[in-house]
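Please keep the sequence and the structure in view while reading.

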Amino acid sequence: MIIYANQLDESAFLEADVCIIGGGPAGISVALELQPTNKKIILLAGGTERETVANQDLNKGYVTPKGSHEPLEENRRRAFGGASTVWGGRCIPFDPIDFEARDWIPYSGWPFSYHELEPYYSRAMELCKAGANNFNALEQFPNHAKEIFQGFDTEAIVSHKLERWSTPVNFARDYAEVLGNSENITVLLGAHVTKINTETDKENVSSVSVVTRDKSFTIKAGQYVLACGGIENPRILLASKNQFHPQGIGNDHDVVGRYYMAHLNGTFAEVAPSNRKRILFDFETDNEGVYCRRRWWITDKAQEAKKIGNGIFFLQQAKNQDGHRDPLFSTVFVAKFVISVLKEKSFRKTKSRWLEEKDKIVDHTKVILKHGWKQVPVIYEIAKKRFSDRRLPFVLPSVKSKTLGLYFQTEHFPNPKSRITISDNQTDEFGMPRAVASITFSDLDVTTVVEAHKIFAERYSEANIGKIKFNASELLKFVEKNITSFNTSAHHLGTTRISNDPKLGVVDADCKVHGMNNLYVAGSSVFPTGGHANPTLTLVALSVRLAEHLKKAAATVNAENTNLHVLDQEELLNKVAVSH
Ligand SMILES: Cc1cc2nc3c(=O)[nH]c(=O)nc-3n(C[C@H](O)[C@H](O)[C@H](O)COP(=O)(O)OP(=O)(O)OC[C@H]3O[C@@H](n4cnc5c(N)ncnc54)[C@H](O)[C@@H]3O)c2cc1C
């Protein structure tokens, strides 16, 4: 059942076996996995099915130093479905090396190996609708070319690894029917948690305080799962301080919010291979029609030899598109500009964007007018793919473009100084302290980007396959500048990290908050290290694993909470206020 929390009677005191706080991919995955158990589940979605200005305002916060991180509302959605309402759908699993303690990377090592998570990736792939849990191109596409540049791969850099693309699944929309028809799951839209309470003792959550715009009520459950995203999870724990937890829940050792990570990414180097016919450049589709694409991966051997973190590359449009003469790319560029201008409500911002982009727009328009008409059928085909049920992930530039950009995405290392805290004096409309982001980078983060590029560039020159534009000291300057005004691309990791040691982590290997009996965390905030992979597939796999654990743990908790009265759907419906 899915209802607006606003419809509930103000005096409603709701009870469930499991209360899931957060309605994004993490929270919804836990709910879906628990559905067959018949446990009574209440999922508090924060926002509603539509993004609103007022709900997005709840995500606003502060960045210190000013401008060093994107505005906190930019890459997040306080809505049912969370950021999956807008995500791109790129699915990549972590590599086995990401779970290992690497002696050259401080604070590295998960308390379990890749093999522990591997089976859960299969279910996560189903939930993400991204095809088989097989990321080896040689197995998936045995009859296709083996490498991106034939004969290029070495022991240090390989290109048989795939990324796969989700439809992209909007977890709220795609699973609304299952959740709505479920007899044991109740989704409350517009229900914002302001506090996790431990009223009777230190180790047990007794309830959560929930508000809507005009009502407030309390929810009591046997177990609680906090699944509000990598910035909101620490914010809620820190804001829940009380007599038992003067520094916030789970924060006895001042770890909540620390080790905040993202990924370093961007496009710097450019290549102009001489033989474009022999490049494996485009998306490939598997037998279910799932879009897949190759990427170069810096092997674990090379990472260890160079003492760097994990990283990948793939080809896309070059940073500087001057003189590309590709009508398709120009059409996409102009269309994106027009759409963003139409969405922009401020005349001042529209004017400044136009002044910024004017020369490029004029140049691209000339390209479209000169060559575009020939491309009409191609543009039509691409538009069809972009609007189909399984969406073309993005429009690639022509492989014949003068140069192709080398996009990189590399690991950002755990560092206790990089952190999310809460403001001492600024609150949102519900009185919750606003989040403050202070992201920090180390030399190792920067070195990883540079050394990974060197591996690529040296191999490219050695293979003698064309021109490359790359200068290591310029790259260093580029990265050093980027990290002073960083954009996380919505990868908010590590702020309630897993560790067996409560001094180094907020949750244990089961994702249970250290020192608590019935509070768990789901989402990328539990990642102890971030690898190079986009986070969603792994956080969904961890959520599926957490649900498995909750199924086993449920019996014990219920026995302990003998006074807990679990609502059935009929009772809940009776609590819906008649006035709505
Ligand atoms: C533009 C964009 C593109 C992206 N592309 C990709 C991609 O290609 N691949 C990839 O892996 N990832 C991508 N991501 C990231 C991906 O969307 C996130 O990793 C994922 O959504 C995180 O899931 P989550 O459930 O942990 O958190 P979220 O999606 O952030 O959901 C949080 C949920 O908690 C709720 N909530 C928040 N506060 C409260 C509160 N106080 N009380 C109750 N509920 C609350 C919210 O309403 C929401 O329902 C992208 C993100 C963006 C913005």
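How many salt bridges does the count come to? The count is 26 salt bridges, a salt bridge being a side-chain nitrogen of Lys or Arg within 4 Å of a carboxyl oxygen of Asp or Glu. The model is predicted, so local features need pLDDT of at least 70 and side-chain atom pairs count only at pLDDT 80 or more, whereas totals for chains, interfaces and linings use all residues. Residues are numbered from 1 along each chain as its sequence is written, and side-chain values use heavy atoms, with hydrogens and water left out.

One of these salt bridges joins the side chains of Arg545 and Glu116, at 2.8 Å from N to O. Arg545 belongs to helix H13 and Glu116 to helix H3, so this pair ties together parts that are 429 residues apart in sequence. Helices (H or I, at least four residues) and strands (E, at least two) are DSSP runs, numbered from the N terminus. Arg545 is buried because its relative accessible area is 9%, while Glu116, at 33%, counts as partly exposed. For these terms, buried means under 20% relative accessible area, exposed over 50%, and partly exposed in between (1.4 Å probe, protein chains only).

A further salt bridge links Arg164 with Asp286, whose closest N and O atoms are 2.9 Å apart. Arg164 lies in strand S6 (residues 157-165) and Asp286 in the loop between strand S12 (284-285) and strand S13 (291-298), 122 residues apart. Arg164 is buried, with a relative accessible area of 0%, and Asp286 is buried at 7%. In the salt bridge between Arg173 and Asp174 (3.0 Å, N to O), Arg173 is exposed at 56%, whereas Asp174 is partly exposed at 22%. Salt bridges also link Arg76, Arg78, Glu232, Arg235 and Asp428 in a network.

The strands come next. Strands of a sheet pair through backbone hydrogen bonds, either parallel or antiparallel; here two strands are taken to pair if DSSP finds at least two bridges between them. Three strands form an open sheet with mixed pairing, in the order S4-S17-S16. Strand S4 (62-63) and strand S16 (419-427) each have a single partner strand, so one side of each is left without a neighbour in the sheet. S16 and strand S17 (residues 433-438) run antiparallel and are joined by five bridges, with Thr427 standing opposite Pro433 in S17.

Strand S11 (residues 263-273) is mostly covered, 10 of its 11 residues being buried. Seven bridges join S11 to the antiparallel strand S15 (residues 404-411), where Tyr407 is the bridge partner of Thr267. S11 also runs antiparallel to strand S18 (residues 466-469), through four bridges; Val271 stands opposite Ile468 in S18.

Rings of Phe, Tyr and Trp (its six-membered ring) pair if their centres lie within 6.5 Å; planes under 30 degrees apart count as stacked, over 60 as edge-to-face and the rest as tilted. Trp110 and Phe527 form a tilted pair, 5.9 Å centre to centre with 35° between the planes. Trp110 lies in the loop between strand S5 (90-91) and helix H3 (114-128), and Phe527 in the loop between strand S19 (519-521) and helix H13 (536-560), 417 residues apart. Both residues of this pair, Trp110 and Phe527, are buried. Phe94, Phe99, Trp110, Phe112, Tyr114, Tyr121 and Phe527 form one aromatic cluster.
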